[in-house]
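Reader: Hi! Could you walk me through this one? Let's start wherever you like.

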Amino acid sequence: MTRVEQIGSATLHLGNAYEIRPTLGWFDEDVMDPQYQFDNSGGGEYRKARGASDQIVAEGLDQGFDHRIINPLLCGGVVVFCHNDQLHELLPYIAGLFPRYVVNFWAKPNPAPHRNKHYLADTEPYIHAWKEGCHPVGEHHDMHRWIEAGSMPSRIYGHPTVKPDAVMTKIIRNLSGTSVCDPFMGTGSTGVAAIRAGKRFVGIEQNPAHFDTACKRMEQAALSIAREAADA
Ligand SMILES: C[S@@+](CC[C@H](N)C(=O)[O-])C[C@H]1O[C@@H](n2cnc3c(N)ncnc32)[C@H](O)[C@@H]1O
């Protein structure tokens, strides 16, 4: 099933990112939060406190993704969220495509309970890689490589891995260029931050329920931007 919605300056595609993204052409930045790959078993007595874990498994969000969707022929830079356990494969792949990259983090003051005799999941990496001429931008005080923000409970928007507004706003602020594509947009967190920053946004999501949530969030954001402009 495919569908396209135009909402203000944003275009949202319902469908498969691997088929649709190559047809969309060039964007200044691809910002993506694709499926993670990690051992999501166990948890023991804490498992029931990790409500989102079962939804992550049920939706296949622990199965990894095809790295080839990261394509420097189609973008000037890329931001990729990932699980710690994906870094050893993802970093060499990205370093082979882009001349510069950094590993940044967002820190969660409310991490899921400890599991599998591992460290707490209180930080999540995101890799930002860029080509010559597409360097990160921002004032000195805005160039931190980490940001703290409470993780979003899965009941908000019915999605287990929604990125907080503060995280996406900070990431978008550090990106050069005027256009952003998120091929795994989920509930549209990247899109909301992108259109608030005045950038053109195109998102892709294959799950119809999450796609509808993204449309609603984008409509609300477009409305509040229009109201702010009218009040100014
Ligand atoms: C980790 S979530 C992204 C969550 C998003 N950052 C947010 O804040 O809501 C990854 C999303 O990619 C979607 N997805 C997985 N495979 C896809 C594919 N091949 N094409 C399009 N979307 C896909 C999933 O349905 C899921 O909503």
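Author: Happy to! A nitrogen atom of the ligand sits 2.7 Å from an N or O atom in the side chain of Asp33; a polar contact here is a pair of N or O atoms within 3.5 Å, and within protein one must be able to donate a hydrogen and the other to accept it, with residues adjacent in sequence counting only if both atoms are side-chain atoms. Taken alone the ligand exposes 600 Å², and the protein buries 97% of that (Shrake-Rupley method, 1.4 Å probe; for residues, only the protein chains shown count as cover).

Reader: Before we go on, what should I know about the model and numbering?

Author: This is a predicted model, in which local features need pLDDT of at least 70 and side-chain atom pairs count only at pLDDT 80 or more, while totals for chains, interfaces and linings use all residues. Residues are numbered from 1 along each chain as its sequence is written, and side-chain values use heavy atoms, with hydrogens and water left out.

Reader: Thanks. Which polar side-chain atoms lie by an oxygen atom of the ligand?

Author: One belongs to His159, at 2.9 Å from a ligand oxygen. Another belongs to Glu205, at 2.6 Å from an oxygen atom of the ligand.

Reader: And how many residues surround the ligand?

Author: There are 23, the closest being Ala17, Asp33, Thr187, Ser189 and Glu205 (a residue is near a molecule or strand if one of its heavy atoms lies within 4 Å of it).

Reader: Switching topic: is H5 enclosed or open?

Author: H5 is largely enclosed by the rest of the structure, because seven of its eight residues are buried. Buried means under 20% relative accessible area, exposed over 50%, and partly exposed in between, with a 1.4 Å probe and protein chains only. Helices (H or I, at least four residues) and strands (E, at least two) are DSSP runs, numbered from the N terminus.

Reader: What covers the buried residues of H5?

Author: The cover includes E2, E3, H4, strand E8 (179–182), strand E9 (200–205) and H6, where contact means heavy atoms within 4.5 Å. Just after H5, Gly198 takes a positive phi of about 80°.

Reader: Now the largest nonpolar core: how many residues does it have?

Author: It has 28, and among those with the most contacts inside it are Leu12, Phe81 and Met218. Such a core is a set of buried Ala, Val, Leu, Ile, Met, Phe, Trp, Tyr and Cys residues joined through side-chain atoms within 4.5 Å. The largest share of this core, five residues, comes from H6. A second, separate core of 20 residues includes Ile94, Ile127, Phe184 and Ile204.

Reader: Last one: where is Val31?

Author: Val31 is in strand E3 (residues 27–32), and counts as buried at 0% relative accessibility. The C-alpha atoms of Val31 and Asp182 are separated by 5.0 Å, although these residues are 151 apart along the chain.
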